[in-house]
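Q: I am new to this structure. Could you walk me through it?

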Amino acid sequence: MLRRLTAMEIPGFTLLILLSLAQILDGADVYSCPRSCQKVSNPVCASDGVIYANECEMRRRTCGRGVTEVNIDLCTRSSGSRCDHKCNNEHDPVCASDGRTYLNRCILQIEICMKGIALAHSGPCMNSTAFRENCPVSCKYAPKDGPVCGSDGNVYKSTCEMKFKTCGQGVVRTSLKRCQTTKHCGESCWRISKPTCGSDGRLYHNGCAMKMKNCGKHVFEVPISHCVSNRRAELGCPDSSTCDHKGFNPVCGSDGNLYDNECELRLMNCGPQKFHVEKVALGSCLPKVERCKIIKCGTHWDPVCGTDGKTYENWCKMQLATCRKGVQLAHWGTCTNFTTIDPCGSQNCSDSSYSDVPVCGSDGNVYRSECEMKKETCGQRVVSVTLDRCQTTKHCNAVCENRREFVCGSDGKFYRNECEMRSLNCGKHMYVIPFKRCLSSFQMRGCSRICPAEFDPICGTDNKTYSNKCFLEIENCRSRSLVSKKHHGKCGHPVQEIKNYLY
């Protein structure tokens with residue numbers, strides 16, 4: 001006769017296993033907690049009010065506590081935050097609107113929380129005003145130290161070329177991971193064998209190796225049949241490099257994905273792979289069909305190229321393809337014909353080919369014209385995409401509100417607000433700098449000042465709290481030096497002045 005065992009009769013190790021299983025069954029997502037995270041600084045605000053270095057660090061440090069990511073604007077003093085943080089010491093300098101350089105974006109986020117300043121650009125701040133910087137006349141004998149990621153989001157062949165092409169814009173060298181075609185440079189790849197065909201016609205060990213070996217180049221994944229054109233029949237690939245000529249006749253693969261037709265199944269799974277995908281009964285893919293039904297897409301045109309070589313109408317249609325058959329993003333914009341050679345060469349781009357509106361390339365770089373883009377990216381299959389996909393052109397078509405939030409631009413001019421500054425300088429590297437640099441040529445009368453909107457409270461000797469040092473100086477001038485600084489922070493709540501910036 002069977003009887004129920006008591007806790008005292010169960011061996012310790014077995015009891016531990018049973019308790020762990022019970023915890024999992026109760027819904028504790030213990031395995032979603034990462035053991036280690038990459039040392040990157042992409043700050044997030046968590047529901048516990050703390051600023052973490054990145055989303056992975058938040059999950060690691062708050063494992064099992066139900067902490068989630070919330071809007072970054074909630075980690076500000078105005079929202080009641082104490083600006084607590086768990087930042088790392090990654091060296092990835094950024095420049096802030098106060099003209100100071102901070103160690104990384106997470107450290108800057110602490111100052112944003114405390115004072116209300118903003119990110120100006122990646123990379124260190126310049127010591128001088130942008131339009132007064134010294135620029136090279138020629139780069140003929142300059143060292144080829146590229147690829148170089150500029151603070152404008154463009155990739156250059158050398159530091160000299162960066163300064164030559166952006167003279168007067170204050171572009172500085174920044175971390176390679178801040179630019180699209182250099183973010184995987186020097187990356188450590190897992191030794192996983194998943195043959196990947198690159199748009200350069202070469203076969204790579206895996207996708208990570210493809211991106212790492214093409215640092216600074218626009219190389220993306222395409223169907224494997226493009227790389228094995230001479231061995232298609234041997235490796236189970238269809239005769240053609242595309243399946244556009246085939247109709248819609250859905251088939252289910254043994255990998256659980258739903259393909260448009262049998263040709264597409266072979267196209268996406270042929271080649272020197274360890275596991276081959278076969279056609280199975282359509283009913284096996286019904287669970288996936290049900291899962292993907294929740295994705296509802298519009299018909300707006302914002303083309304995306306998938307790793308299957310197909311152009312999708314918009315990002316949502318791309319996500320639907322990802323859900324159904326595992327297609328990933330190759331690049332923004334339309335796909336090119338992989339069977340043809342990308343036309344380029346020694347064509348000269350005349351001044352008449354340049355337009356007032358720059359061109360945003362699918363490689364994340366901004367060019368003066370379509371002609372210049374084709375010439376500089378010869379053989380890389382770069383196409384023009386919507387302006388909002390590049391850093392210096394994303395605000396070109398912005399509709400700015402007529403609100404008065406005056407900012408000082410890096411060109412030394414005042415603008416009504418930051419949106420207006422960026423839209424009027426489409427394609428240029430523009431950023432906010434301290435007010436005093438735009439006021440250097442102005443002669444103020446009496447005690448007049450134009451103070452920044454930063455909130456860095458200071459208590460005066462008159463026991464009044466001033467928003468920042470500038471307002472205290474105005475009062476000091478008016479009172480003829482009778483009011484000075486008593487302590488940092490609000491009156492009655494003195495705090496130690498913390499300097500989070502490098503310089």
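A: A disulfide is a pair of cysteine sulfur atoms within 2.5 Å. Please note that this is a predicted model.

Q: How many disulfides does the count come to by this rule?
A: The count is 26 disulfides.

Q: Which residue does a disulfide join to Cys 243?
A: Cys 243 is joined to Cys 263, with an S to S distance of 2.0 Å. The link of Cys 243 and Cys 263 is left-handed, with -80° about the S-S bond. Cys 243 lies in the loop between strand E13 (221-222) and strand E14 (251-253), while Cys 263 belongs to helix H6, 20 residues apart.

Q: Is Cys 263 buried or exposed?
A: Cys 263 counts as buried because its relative accessibility is 10%, and buried means under 20%.

Q: What about Cys 292 and Cys 323?
A: Cys 292 and Cys 323 form a disulfide with sulfur atoms 2.0 Å apart. Cys 292 is in helix H7 and Cys 323 in helix H8, so the pair ties together parts 31 residues apart in sequence.

Q: And what is the handedness of the disulfide of Cys 396 and Cys 426?
A: That disulfide is right-handed, because the torsion about the S-S bond of Cys 396 and Cys 426 is about 90°. Cys 396 is buried at 15% relative accessible area, whereas Cys 426 counts as partly exposed at 23%.

Q: Changing topic: which residues make the nonpolar surface patch?
A: Phe 406, Phe 414, Phe 442, Met 444 and Ile 450 make a patch of about 430 Å².

Q: Where does Phe 442 lie?
A: Phe 442 is in the loop between helix H11 (435-438) and strand E26 (458-460). Phe 442 counts as partly exposed, at 47% relative accessibility.

Terms used. Residues are numbered from 1 along each chain as its sequence is written. This is a predicted model: local features need pLDDT of at least 70, side-chain atom pairs count only at pLDDT 80 or more; totals for chains, interfaces and linings use all residues. Side-chain values use heavy atoms; hydrogens and water are left out. Patches are made of residues with over 30% relative accessible area and no salt bridge: like charges are joined within 9 Å, nonpolar side chains (Val, Leu, Ile, Met, Phe, Trp, Tyr) within 5 Å. Accessible areas come from the Shrake-Rupley method with a 1.4 Å probe; for residues, only the protein chains shown count as cover. A salt bridge is a side-chain nitrogen of Lys or Arg within 4 Å of a carboxyl oxygen of Asp or Glu. Helices (H or I, at least four residues) and strands (E, at least two) are DSSP runs, numbered from the N terminus. Buried means under 20% relative accessible area, exposed over 50%, partly exposed in between (1.4 Å probe, protein chains only).
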